[in-house]
Amino acid sequence: MESRPVSVPNFLYGTAWKEERTPALTELALRVGFRGIDTANQRRHYFEAGVGQGLAAAYRAGVVTRAGLFLQTKFTYQAGQDHRLPYDPAADLSTQVAQSMASSLEHLGTDHVDSYVLHGPASGRGWSDADVEVWAAMVKERDAGRTRLLGVSNVSLRHLEQMVTTSAEAPAFVQNRCFARLGWDREVRAFCMDRKIVYQGFSLLTANPEVLRHPLVAGIAARGKATLAQVVFRFAQAVEMLPLTGTTDAEHMKQDLASDRLALSADEVRAVESLAG
Ligand SMILES: NC(=O)c1ccc[n+]([C@@H]2O[C@H](COP(=O)([O-])OP(=O)(O)OC[C@H]3O[C@@H](n4cnc5c(N)ncnc54)[C@H](OP(=O)(O)O)[C@@H]3O)[C@@H](O)[C@H]2O)c1
């Protein structure tokens with residue numbers, strides 16, 4: 001993984017949809033061995049303060065230190081939020097980014113995150129003036145030391161192409177839902193590969209039921225004494241993806257982390273890559 005910035009783990013634990021279980025599941029994920037945590041300052045889907053509680057419990061118990069962790073959170077436009085906003089909706093977008101970041105740092109009990117991600121562009125059609133303003137504000141947060149790296153999420157190839165022509169700086173990460181039927185987001189991954197952007201894939205299991213039913217995947221799992229999920233996650237890592245899992249099950253956490261021990265041949269990787277699209 002030469003293109004990967006230093007100290008980015010090879011798996012991220014996702015904290016969406018866990019509500020009151022967020023502190024305990026975050027702590028459990030750290031105890032099991034995850035060292036990368038993904039969250040967002042979007043109360044509708046994430047309980048970021050609960051992630052902070054889980055981190056604090058793990059620090060107290062000596063499981064991990066802040067320096068040993070990769071923490072990622074996101075800025076979410078008002079359109080993606082409910083009424084529980086982490087900023088003043090009347091403020092301009094740059095101020096909203098600064099307020100959302102300050103609130104994230106408070107929730108997570110830290111003075112910086114490792115990655116700060118734009119949760120999704122303002123429009124599905126292309127990279128807009130709003131995105132240009134928000135991205136510039138995120139660059140300022142980075143320059144002020146409040147995040148090491150920056151990313152974008154839920155983007156198309158068109159968004160990315162427009163982004164790199166209108167913004168001075170490309171992202172370090174792209175985080176997308178990864179559909180096997182689109183060649184596992186082939187076009188966006190190729191764009192990322194060319195520019196040494198790390199592609200983070202989510203919904204690798206839930207977006208791809210046809211993969212989990214496929215005899216090729218079952219055959220690889222049987223050969224490697226692995227689970228179907230491990231084949232998918234190991235494949236993702238083999239094509240230089242950084243996979244996310246939000247499992248709530250301790251056994252699945254262990255299995256997901258252990259997927260990097262499964263050896264896949266180049267032929268198997270190619271076959272899985274083109275299995276559905
Ligand atoms: N940027 C965005 O807009 C965005 C959108 C969605 C998600 N995300 C991020 O991605 C993270 C992961 O979300 P996801 O959509 O990939 O879904 P997920 O929350 O990881 O859900 C995976 C589902 O598969 C099941 N599963 C069965 N076997 C599993 C195994 N071995 N390992 C893992 N799961 C297994 C899980 O059940 P069990 O719990 O019983 O294991 C769960 O129901 C989120 O928490 C969030 O951080 C980001």
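## Chatting about a barrel and its core

Q: Hey, what does tryptophan 184 touch, beyond its neighbours within four places in sequence?
A: Tryptophan 184 is in contact with Cys178, Phe179, Arg189, Leu204, Asn208, Val211, Val232, Phe235, Met241, Val272 and Glu273. Contact here means heavy atoms within 4.5 Å.

Q: And what sort of model is this?
A: It's a predicted model, where local features need pLDDT of at least 70 and side-chain atom pairs count only at pLDDT 80 or more, while totals for chains, interfaces and linings use all residues. Residues are numbered from 1 along each chain as its sequence is written, and side-chain values use heavy atoms, with hydrogens and water left out.

Q: Back to tryptophan 184: buried or exposed?
A: Tryptophan 184 is buried, because its relative accessible area is 0%. The cut-offs are under 20% relative accessible area for buried, over 50% for exposed, and partly exposed in between, using a 1.4 Å probe and protein chains only.

Q: Where in the chain is tryptophan 184?
A: Tryptophan 184 is in the loop between β6 and α6. Those labels come from DSSP runs, numbered from the N terminus: helices are H or I with at least four residues, strands are E with at least two. Tryptophan 184 also has a positive phi of about 55 degrees, though it isn't a glycine.

Q: Which residues have the most contacts inside the largest nonpolar core?
A: Val152, Val174 and Trp184, in a core of 64 residues. A nonpolar core is a set of buried Ala, Val, Leu, Ile, Met, Phe, Trp, Tyr and Cys residues joined through side-chain atoms within 4.5 Å.

Q: Which element gives the largest share of that core?
A: Helix α9 (residues 228-238), with six residues. Another core lies apart from it, with ten residues, including Phe173, Val198, Phe202 and Leu244.

Q: What about aspartate 185, where is that one?
A: Aspartate 185 is in the loop between β6 (173-177) and α6 (186-194). Aspartate 185 counts as buried because its relative accessibility is 12%. Leaving out residues up to four places away in sequence, aspartate 185 touches Asn176, Arg177, Cys178, Phe179 and Tyr199.

Q: New topic: what do the strands make?
A: Eight strands close into a barrel, in the order β1-β2-β3-β4-β5-β6-β7-β8, with parallel pairing. The twist from one strand to the next averages 30 degrees. Two strands count as paired if DSSP finds at least two bridges between them.

Q: How do strands pair in general?
A: Strands of a sheet pair through backbone hydrogen bonds, either parallel or antiparallel.

Q: How many bridges do β4 and β5 share?
A: Five, in the parallel sense, between β4 (residues 113-118) and β5 (residues 147-153). Valine 117 has glycine 151 in β5 as its bridge partner, and valine 113 stands opposite threonine 147 in β5. As for cover, six of the seven residues of β5 are buried.

Q: What follows β5? Where is asparagine 154?
A: Asparagine 154 is in the loop between β5 and α5 (157-166). Like tryptophan 184, which has a positive phi of about 55 degrees, asparagine 154 has a positive phi of about 55 degrees without being a glycine. Asparagine 154 is partly exposed, because its relative accessible area is 37%.

Q: Which residues of β8 sit on each side?
A: Met241, Pro243 and Thr245 are on one side and Leu242 and Leu244 on the other, all buried. That's five of the five residues in strand β8 (residues 241-245).

Q: How many bridges join β1 to β8?
A: Two, and β1 (residues 12-14) runs parallel to β8. Leucine 12 has leucine 244 in β8 as its bridge partner. Strand β7 (residues 198-202) pairs with β8 over three bridges, also in the parallel sense, and glycine 201 partners proline 243 in β8.

Q: Helices now: at what angle do α1 and α2 cross?
A: The axes of α1 (residues 22-32) and α2 (residues 48-60) cross at roughly 45 degrees and come within 7 Å. That makes α1 oblique to α2.

Q: What counts as oblique?
A: Under 35 degrees is roughly parallel, over 145 roughly antiparallel, 65 to 115 roughly perpendicular, and the rest oblique. Axes are lines fitted to C-alpha atoms, for helices over the stretch in contact, with angles from 0 to 180 degrees between N-to-C directions.

Q: Which α1 residues meet α2?
A: Thr22, Pro23, Thr26, Glu27 and Leu30 meet Gly50, Val51, Gln53, Gly54, Leu55, Ala57 and Ala58 in α2. Glutamate 27 touches Gly54, Ala57 and Ala58, not counting residues up to four places away in sequence. Glutamate 27 is buried, because its relative accessible area is 19%.
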